[in-house]
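This report looks at two sites in one chain. Please keep the sequence and the 3D view at hand.

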Amino acid sequence: VWYHKPAINEELLQSLPNLKVVASAGVGIDHLDLKLLSSYGVKVSNTPFIVSTDTADMGMALMLASSRRLVEGHEMAVSPDTEYFPVDWLGVEVSGATLGILGMGKIGYKVAERAKAFEMKILYHNRNQRKKEEENAVGAVYCKKIDDLLQQSDFVLLAVTLTPQTHKLIGKRELELMKPTATLINISRGLIVDQDALVEALQNKVIKAAALDVTYPEPLPRDHPLLKLKNVIITPHIGSATKKTRWVMMEEMAESIEAGLAGLPVPREVL
């Protein structure tokens, strides 16, 4: 399964009575019905570990690009209409700012490791609090309540898995809790955010900006209001899109398929 295709539904499963394993690229499994697959005796694998480093890099890239207005700056620098660079054209600081990470799994923790190098104050919310030595290694402070993190952060980065519990985790109420100077960064799944509420918050300056590697749907309709806002950066879901990572993802998927066909334990099996 690559980019959620083909769709693994009952019709497909019925047409493939000898199917033994479904190998899915990436870490997210929200596109797979695990109960349905299990009922057909089909095992599932993904590639959760290899994507973490690149996706964390992407999170930092989006934070830097948004805060320093790189896309706008590039457009200004290459525009045939530009005669001078305005001296009052300013971005905001990343170094020393407060970063709130929602979801401190493998990707979230790697973001924290990178943010530490920028001398950022790091807050995080997770289903389970990290070990003290892990927190101390990156200088992260646990927030038991999401609201506390939202109210204090200059940048809020989403790195949570899409589940029924996290569907539209960030909505109108959560956006209104954020600072009017804050930026929302999403490197997880588009459906973590209520996009209609986000559009409204950006238009009304409830928050300063958003940087999104994921949306719903993907790509957005060409007339979608998010595409018209200057305080938004959108990239085409490229968190893991480097040559090395995609190559290793393919190798891991092939390894899982070979093991499943041979009746051996499936590496990185999703239970």
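A right-handed β-α-β unit is built from strand E7, helix H9 and strand E8. Helix H9 covers residues 195–203. The model is a predicted one.

**Strand E8 and its partners**

E8 spans residues 209–212. E8 pairs in the parallel sense with E7, and also in the parallel sense with E9. The two pairings are listed here.

| Pair | Residues of the partner | Sense | Bridges |
|---|---|---|---|
| E7 and E8 | E7: residues 183–186 | parallel | four bridges |
| E8 and E9 | E9: residues 232–234 | parallel | three bridges |

Leu-212 of E8 is the bridge partner of Asn-186. Ala-211 stands opposite Ile-233 in E9.

Which way do the side chains of E8 point? Ala-209 and Ala-211 point one way, Ala-210 and Leu-212 the other way. All four of these residues are buried.

**Ala-112 in helix H5**

Ala-112 lies in H5, which runs over residues 106–117. Is Ala-112 buried or exposed? Ala-112 has a relative accessible area of 0%, so Ala-112 counts as buried, the cut-off being under 20%.

Which residues does Ala-112 touch, leaving aside those up to four places away in sequence? They are Ile-101, Met-104, Ile-122 and Val-138. Glu-135 is 23 residues from Ala-112 along the chain. The C-alpha atoms of Ala-112 and Glu-135 are separated by 9.5 Å.

Note on methods
Residues are numbered from 1 along each chain as its sequence is written. This is a predicted model: local features need pLDDT of at least 70, side-chain atom pairs count only at pLDDT 80 or more; totals for chains, interfaces and linings use all residues. Side-chain values use heavy atoms; hydrogens and water are left out. Helices (H or I, at least four residues) and strands (E, at least two) are DSSP runs, numbered from the N terminus. Buried means under 20% relative accessible area, exposed over 50%, partly exposed in between (1.4 Å probe, protein chains only). Contact means heavy atoms within 4.5 Å. Two strands pair if DSSP finds at least two bridges between them. A crossover is right-handed if, with the strands pointing away from the viewer, the path from the first strand over the helix to the second runs clockwise.
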